[in-house]
Amino acid sequence: MLYPYYNKKPLIAETAYIADYVTISGDVEIGEESSVWFNSVIRGDVAPTKIGKKVNIQDNSVLHQSPDNPLIIEDEVTVGHAVILHSCKIRKKALIGMGSIILDNAEIGEGAFIGAGSLVPQGKVIPPNTLAFGRPAKVIRELNEDDIMDMERISREYAEKAQHYKAAKPL
């Protein structure tokens, strides 16, 4: 369901896939070939949410903001199942593992990998191309070629899967 909030309404690219039972409200932009999966909620009723191209927001995720503090997700980002993103910046090609929470003013560097179940506290910066994990998240190591290839595979598969779902007729 798409809802306006006062004079703001979601702007969703034609090529994006929005699954059933997703709620998107207010000042939210979703770029080309991005996907938002079942039961996710994206509320743009406090500040803007900007989602780039080829981003996948997986099932049961929640995206929101604090006043005057937008949520920015750059291109080709993977957001795993049941992730909470709140007024943070996720740089391109990053992967946020299932069940993670990223809080206000945190920044996830380009190509960084946040391990499942992690908590990135307010203002924490995770450097590019690193693996961070834990509660609170700490950088564990630099990513290797296998990590990068796996992250690219996941992103690619979600982009392909989204186009299949977009073309499918519900039963």
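Colleague: Which residue forms a salt bridge with D147?

Modeller: D147 forms a salt bridge with R141, their closest N and O atoms being 2.6 Å apart. A salt bridge is defined as a side-chain nitrogen of Lys or Arg within 4 Å of a carboxyl oxygen of Asp or Glu. The pair therefore meets the definition, since 2.6 Å is within 4 Å. Please note that this is a predicted model: local features need pLDDT of at least 70, side-chain atom pairs count only at pLDDT 80 or more, and totals for chains, interfaces and linings use all residues. Residues are numbered from 1 along each chain as its sequence is written, and side-chain values use heavy atoms, with hydrogens and water left out.

Colleague: What makes D147 buried?

Modeller: Buried means under 20% relative accessible area, exposed means over 50%, and partly exposed lies in between (1.4 Å probe, protein chains only). D147 has a relative accessible area of 16%, so the residue is called buried. R141, at 35%, is therefore partly exposed.

Colleague: Why is N69 called buried?

Modeller: The relative accessible area of N69 is 14%, which is under 20%, so N69 is buried. N69 lies in the loop between β8 (62-64) and β9 (71-73); strands are DSSP runs of E with at least two residues, and helices are runs of H or I with at least four, numbered from the N terminus. Leaving aside residues up to four places away in sequence, N69 touches A47, S87, D104 and N105, where contact means heavy atoms within 4.5 Å.

Colleague: How do you know that the span of helix α1 is close to the expected one?

Modeller: The expected span is 1.5 Å times one less than the number of residues. Helix α1 (residues 145-167) has 23 residues and reaches 33 Å from its first C-alpha to its last, close to the 33 Å expected.

Colleague: What separates D150 and R153 in helix α1?

Modeller: D150 and R153 are three residues apart in helix α1, and therefore about one helical turn. An α-helix has 3.6 residues a turn, so residues three or four places apart point the same way. The side chains of D150 and R153 meet in a salt bridge at 2.7 Å, N to O.

Colleague: Why is one side of β3 and of β20 left without a neighbour in the sheet?

Modeller: Eight strands form an open sheet in the order β3-β5-β7-β10-β13-β16-β19-β20, with mixed pairing. β3 (17-18) and β20 (137-142) stand at the edges with a single partner strand each, so one side of each has no neighbour in the sheet. Two strands pair if DSSP finds at least two bridges between them. Strands β7 and β10 have two bridges, in the parallel sense, and therefore count as paired.
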